[in-house]
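Have a look at the sequence and the structure first, and then we can walk through a few places together.

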Amino acid sequence: MTDPIAHPDAKTEMDELLAAYLDNELSETERSLVETRLAEDDNFRGRLDELDRAWDMLDALPKADLDDEKFVRTTVEMITVAASQEIQQYEQQRKRTATVRQAGIALGIVALVGMGFVLTQWRLSRPDRVLVESLPVIENVDELERVDNIEFLEALRKEGLFTGETSDES
């Protein structure tokens with residue numbers, strides 16, 4: 001036999017089996033197996049005696065006098081209170097969710113408007129920016145047209161001549 005102290009699950013199973021035996025809930029086959037084990041196993045029989053005494057003590061306790069109508073009314077009241085609390089929590093959660101959703105939509109709209117503004121500003125000023133970046137070349141276009149050697153122009157670019165420096169001489 002499995003030691004019920006070393007294996008608490010085995011003790012629980014044994015208690016459930018013995019409780020079913022005491023409550024007369026077993027089939028004939030199961031009842032016969034339990035009675036055979038009771039005849040052979042002292043620990044099993046001892047546990048049955050303990051449970052039987054516990055059942056007897058429970059039967060000796062005074063019975064609670066329940067007023068059925070009052071019991072039903074208080075139970076329904078408790079259920080009603082619990083349900084109303086759940087509804088309030090649901091409504092508060094729904095309001096918070098709606099507020100968060102509206103704030104997210106508002107932030108999204110503000111972000112889109114901001115991005116649109118920045119993109120529009122960038123697009124509108126782009127031709128001017130290209131002209132400003134090309135201003136040194138434009139200012140020196142007459143001199144640059146006279147240069148036949150492209151390597152010379154590359155060397156001037158590497159020296160920083162075309163990086164926005166303007167010449168007051170032209």
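In which helix is the place of Asp15? Asp15 lies in helix α1, residues 8–22; helices are DSSP runs of H or I with at least four residues, numbered from the N terminus. With a relative accessible area of 18%, Asp15 is buried (under 20%, using a 1.4 Å probe and protein chains only). Leaving aside residues up to four places away in sequence, Asp15 touches Arg47 and Leu51, where contact means heavy atoms within 4.5 Å.

## How α2 and α3 meet

Helix α2 (residues 28–40) and helix α3 (residues 42–60) have axes that come within 6 Å and cross at roughly 110 degrees. Axes are lines fitted to C-alpha atoms over the stretch in contact, with angles from 0 to 180 degrees between N-to-C directions. The two helices, α2 and α3, are therefore roughly perpendicular to each other (65 to 115 degrees).

On the α2 side, Val34, Arg37, Leu38, Ala39 and Glu40 meet Asp42, Phe44, Arg45 and Leu48 of α3. The residues of this contact of α2 with α3 comprise 5 nonpolar, no polar and 4 charged.

Residues are numbered from 1 along each chain, and side-chain values use heavy atoms, without hydrogens or water.

The protein chain has a mean pLDDT (the predictor's confidence in each residue, from 0 to 100) of 84, and 89% of its residues reach 70 or more. Over residues 165–170 the pLDDT is below 50. Where pLDDT is low, the predicted coordinates should not be read in detail.

Technical notes: Predicted model: local features only at pLDDT ≥ 70, side-chain atom pairs only at ≥ 80, totals over all residues. Parallel < 35°, antiparallel > 145°, perpendicular 65-115°, else oblique. Nonpolar A, V, L, I, M, F, W, Y, C, P; charged D, E, K, R; others polar. Buried < 20%, exposed > 50% of the residue type's maximum accessible area, 1.4 Å probe, protein only.
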